[in-house]
Each structure stands twice: as structure tokens, then as C-alpha cells.
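Good morning, and thank you for making the time. I would like to take you through one structure today, beginning with a single residue and then widening the view.

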Amino acid sequence: MRSQLHLGLFIQETGHHIAGWREPQAAVNAGRDFRHQVELARLAEAACFDLLFIQDSYAMRGANDIDALQHTARSTHWDPITALSALAMVTERIGLVGTATTTYNEPYTLARHFASLDHISQGRAGWNLVTSNNEAEALNFSRDQHALHGERYARAEEFLSVVKGLWDTWEDDAFVEDQAAGQFFDPAKLHVLNHRGEYFSVKGPLTLARPPQGHPVLVQAGSSDTGKRLGATTADVIFSAQQNLEAALGFYASMKALAAEAGRDPDQLLIMPGLLPVVAATQAEAEDKFAALQEQVLPKVGLATLATTLGEVDLSGYDLDGPLPDLPEANGPKSRRQLLIDMARRDNLTIRQLYQRVVGARGHLTVIGTPSHVADVMQQWLEERAADGFNIMPAHLPVGLRDFTEQVVPELQRRGLFRTAYQGNTLREHLELQRPAHRHAR
Ligand SMILES: Cc1cc2nc3c(=O)[nH]c(=O)nc-3n(C[C@H](O)[C@H](O)[C@H](O)COP(=O)(O)O)c2cc1C
């Protein structure tokens with residue numbers, strides 16, 4: 001168990017709340033003016049965050065409902081690898097984590113991308129491995145249909161083992177660069193992968209030296225049984241969405257148990273749920289702030305956000321003030337969809353009440369209150385073993401991040417729950433994760 005929290009900044013261009021972009025101080029053009037991302041990275045680094053995280057989708061989310069989408073700021077977002085490479089040059093310590101899907105990529109490409117980012121940033125890269133939760137991605141990759149859930153995960157597993165094999169092409173000290181002897185590398189320390197499997201055939205070698213971290217930090221965010229198993233056996237960090245302490249305790253315990261079953265040290269698998277903070281000097285002020293955001297949500301936007309989070313279901317024919325209907329099986333994200341269905345049934349919510357809960361944090365924890373209240377919740381989750389840290393999801397940017405770094409971070413530091421200066425240089429060092437030893441290809 002960790003004695004201090006690990007913090008990530010989960011970047012959504014204008015902020016996580018669907019109406020956050022309408023807040024007067026929000027950076028409305030953050031999806032097309034990159035200087036805003038630079039500002040966020042610097043703010044998070046000044047507050048000693050472990051990492052920043054850029055999500056991704058290879059298709060526009062909610063594009064089948066342009067009528068609703070036109071009222072949100074969700075239609076543009078940066079390519080993570082390009083953006084993180086640029087951010088690497090304007091920061092020095094903060095970890096840089098980006099999403100990349102195994103469903104619409106090839107392992108050789110992603111092995112190069114993340115190895116390059118790790119070198120460019122001198123050991124600060126992380127890969128959030130996803131299998132794509134947006135079915136529309138298929139249509140941008142010459143396919144008619146998204147691959148099935150089980151198949152996506154089978155491909156992901158083999159994909160990852162190939163990527164790791166490619167990262168281990170070279171031993172750490174393979175490049176002797178002996179100018180006098182005319183010897184550039186030691187051929188005994190070059191390992192050609194020669195992989196032939198069910199989905200991939202990849203010879204190697206990779207044209208990049210072993211990454212500074214050995215392997216970039218591996219993050220996973222699937223919470224279905226298959227997703228959890230892959231995460232527990234292979235990931236360094238799990239991003240998750242948990243509504244309350246009870247659910248988070250269960251998830252945390254089950255992930256640590258699965259890691260132990262797989263023969264791993266459970267302390268080398270970190271669980272970081274999302275947290276949307278709404279902070280103000282008094283509880284009433286914070287609640288007013290949140291209510292003001294909620295009031296800006298148009299019903300059609302709320303409904304569309306809910307439909308997207310449930311996996312692009314069609315809710316248009318239903319009464320907003322009636323219950324959530326039984327939904328047909330879907331091939332999209334399993335765990336988040338179930339979380340919302342369970343929430344609706346448990347709390348007897350109408351469709352409108354359910355979308356009101358989703359438009360902010362999309363199923364992640366929302367904490368509204370004073371800096372000390374937010375810190376209390378974070379401390380409780382750490383101490384009771386519901387989280388090793390949090391992915392902070394400001395409602396609107398950059399102000400929501402500034403509220404957190406100026407008000408909550410000092411409170412956490414006063415309590416000894418968060419660093420006041422970086423100790424290490426690499427993301428693995430910030431997260432207290434071991435550097436993987438080199439493994440020879442067969
Ligand atoms: C914090 C967080 C970030 C995520 N980021 C992405 C993302 O950028 N792209 C994506 O396709 N899915 C993303 N996901 C979704 C998951 O990776 C996964 O696709 C989803 O949970 C469905 O997988 P499951 O069926 O195993 O639960 C994210 C999930 C969480 C909790």
C-alpha cells in the first residue's frame with residue numbers, strides 16, 4: 001500500500017463536464033489552439049502531478065447525432081502521440097500518458113511510437129492500451145463492423161506481447177559506440193523477435209534503442225472481466241471509473257487479488273480511479289458552482305451524452321421522465337454501461353436524472369465541496385485501500401485545474417499525502433514502479 005497519493009491530470013480539451021466549455025473562463029478553443037495544452041501541462045507539473053493523460057478515439061464520438069453534438073465541445077481532440085511529443089519538449093518531469101488502440105493499429109507502429117516518446121521525454125512515456133470503445137472507429141479503418149469484445153481482447157493480448165518483445169530488441173547496453181574500434185553495437189545484444197502468432201507476424205528488430213524506462217509505463221482501463229484479467233496480468237496502472245467507496249473497495253481488492261494470482265507483487269499494480277472535483281471556499285458555494293454547470297446542459301445534449309456512454313444506444317423514443325428501458329446487448333464498452341444501468345436501477349432514476357449524473361464525470365466519482373472535504377475523500381480512499389491515487393478530471397479547463405492545484409494540492413501536502421517536489425525523473429520513478437528487466441526473444 002502507498003503512503004502517498006499518485007495524481008494524474010486527465011485532459012479533456014475544454015474540461016470534463018459536457019457544459020464546461022460554456023463556463024465564461026473556459027478555454028473554448030483548446031481543441032484547436034495547442035498553447036492551452038502547454039499551459040495545462042505546466043500547471044500540472046508545477047503541482048508535481050505524476051502524469052498527464054490524453055484519451056483518444058479514432059472516430060468522432062456522438063457523430064450520429066450532430067444535432068446534439070453541435071452544442072458540445074467534443075468534436076475535436078489532439079492526436080495523443082503527436083501532442084505528448086510536443087509536451088515533452090516544454091516539460092521536464094511530468095509523465096506523459098496517451099491512449100492507443102490495439103484494434104486499429106499494428107504492434108510495430110505502436111512499439112516505435114511509444115519507444116520514441118520514451119526517448120524524447122527521457123523516460124516519461126506511458127501507454128493506455130485500449131481495445132476501442134467507439135464502434136464507429138471501424139468505419140475509418142476500411143471495416144464495416146467493430147470486432148467483437150472477446151476478439152478485441154485476444155488481439156490485444158498478442159499485440160502487447162509483440163510490442164514488449166520489440167522493446168526488448170536491444171539490451172540496455174547494446175550500443176557500444178566505440179569510435180576508435182569502429183564498433184557501433186554489440187551483435188550479441190541484438191535480439192530479433194521472429195514472432196508468428198494468431199493475429200501477427202512480426203520479425204523485428206525494432207529500429208530504436210531499448211526505452212529509458214525499459215518499457216514505457218503500461219496503463220489499462222477496461223473493467224469487464226476480460227479487461228480486468230489483461231490489466232491484472234500485464235499493466236502497471238489501472239484507470240477506472242468508480243461511483244462510490246464501496247464499489248471502489250471491491251474493484252481495488254479484486255484487481256490486487258488477480259495480480260497476486262498471476263504471481264505479481266500487487267503493490268506493482270496501481271489503481272487510479274477518476275475524480276471530478278468541484279471546489280470552493282464553502283460547501284454551498286461549491287454546490288452552486290456545480291448546479292450552474294448542470295443548468296447549462298440542454299436536454300438533447302444530456303440524452304446524447306448518456307446514449308454515447310451507454311455505447312451509442314437509441315433513447316430517442318423514450319420519455320425523459322420515465323425509467324431507463326431494458327437495453328439490447330451491445331458490442332461496445334461493457335463495464336461503464338453496466339455501471340450506469342446499475343445506478344439507474346439502484347437509485348430508481350429516470351432517464352433525465354441518469355443523464356444529469358453522467359454529463360459531469362461520465363460515471364466517475366464527483367466530489368463537490370471545500371478543499372478539505374475533497375482531501376478527506378481522497379485520504380479515505382487511499383487509507384481504506386480503494387485507490388492508490390486519482391486521475392483528476394476538472395469540470396472545465398484551465399480554471400478547474402487551477403482550483404485543484406491551488407486549493408486541494410496544498411491541503412494534501414499539509415497532510416503528508418502528496419509530494420512537495422519530484423524525487424525521481426522518470427514516470428516509473430514517480431509511480432515507484434520497478435524497471436522491467438530485459439527478456440531475450442525466444
Ligand atoms: C479513465 C479511463 C480512460 C479511458 N480512455 C479511453 C480512451 O482514450 N479510448 C478508448 O477507446 N477507451 C477508453 N476507455 C475505455 C476503456 O479502455 C475500455 O474500452 C472500456 O472500459 C470498455 O472495456 P471493457 O469492456 O473491458 O470495460 C477509458 C476508460 C477509463 C476508465
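In which helix does Glu151 lie? Glu151 lies in helix H5; helices (H or I, at least four residues) and strands (E, at least two) are DSSP runs, numbered from the N terminus.

A word on the basis of this talk. The model is predicted, so to speak of local features we require pLDDT of at least 70, and side-chain atom pairs count only at pLDDT 80 or more, while totals for chains, interfaces and linings use all residues. Residues are numbered from 1 along each chain as its sequence is written, and side-chain values use heavy atoms, with hydrogens and water left out.

Let us return to Glu151. Its relative accessible area is 43%, and Glu151 therefore counts as partly exposed; buried means under 20% relative accessible area, exposed over 50%, and partly exposed in between, with a 1.4 Å probe and protein chains only. Between Glu151 and Ser335 there are 184 residues in sequence and 17 Å in space, C-alpha to C-alpha.

Ser335 brings us to the ligand. Of the 24 residues around the ligand, those that come nearest are Asp56, His149, Tyr153, Ser224 and Ser335; here a residue is near if one of its heavy atoms lies within 4 Å of the molecule. Tyr153 places a polar side-chain atom 2.6 Å from an oxygen atom of the ligand. Ser224 likewise has a polar side-chain atom 2.6 Å from a ligand oxygen atom. For Thr99, the distance from a polar side-chain atom to an oxygen atom of the ligand is 2.9 Å.

I turn now to empty space. Rolling a probe the size of a water molecule over the atoms shows where such space is left. On a 1 Å grid over the protein atoms alone, a cavity is a set of points where a 1.4 Å probe fits but cannot get out; a pocket is an open set with protein on both sides within 12 Å along at least five of seven lines; and lining residues have an atom within 4 Å of a point. Grid points are joined across faces, edges and corners, and a volume is the space filled by probe spheres set on the points.

The second largest pocket holds about 870 Å³ of space. Its lining consists of 30 residues, and Lys164, Asp168, His215, Pro436 and Arg439 lie nearest its centre. Helix H5 (149–167) and helix H6 (225–234) are the elements that give two or more residues to this lining, and H5 gives the most, with seven.

What of the cavities? There are two of 30 Å³ or more. The largest cavity has a volume of about 50 Å³, and among the residues that line it are Asp56 and Thr99. Strand S3 (residues 95–101) gives the most to the lining of this largest cavity, with three residues.

Next, the interior. Helix H9 (residues 299–309) is largely enclosed by the rest of the structure, because eight of its 11 residues are buried. Its cover includes helix H2 (66–69), helix H10 (335–346) and helix H11 (351–361), where contact means heavy atoms within 4.5 Å. Gly311, with a positive phi near 100°, follows H9.

Asp388 is found in the loop between helix H12 (371–383) and strand S11 (389–392). Is Asp388 buried or exposed? With a relative accessible area of 1%, Asp388 is buried. The side chains of Asp388 and Tyr252 are joined by a polar contact of 2.7 Å; a polar contact is a pair of N or O atoms within 3.5 Å, where, within protein, one must be able to donate a hydrogen and the other to accept it, and residues adjacent in sequence count only if both atoms are side-chain atoms.

Finally, some backbone details. Gly204 and Pro205 are joined by a cis peptide bond, with omega about -5°. Another cis peptide bond links Leu397 and Pro398, with omega about 5°. Arg362, although not a glycine, has a positive phi of about 55°, and at 14% relative accessibility Arg362 counts as buried. Glu177, also not a glycine, has a positive phi of about 45°; its relative accessible area of 48% makes Glu177 partly exposed.

Thank you for your attention.
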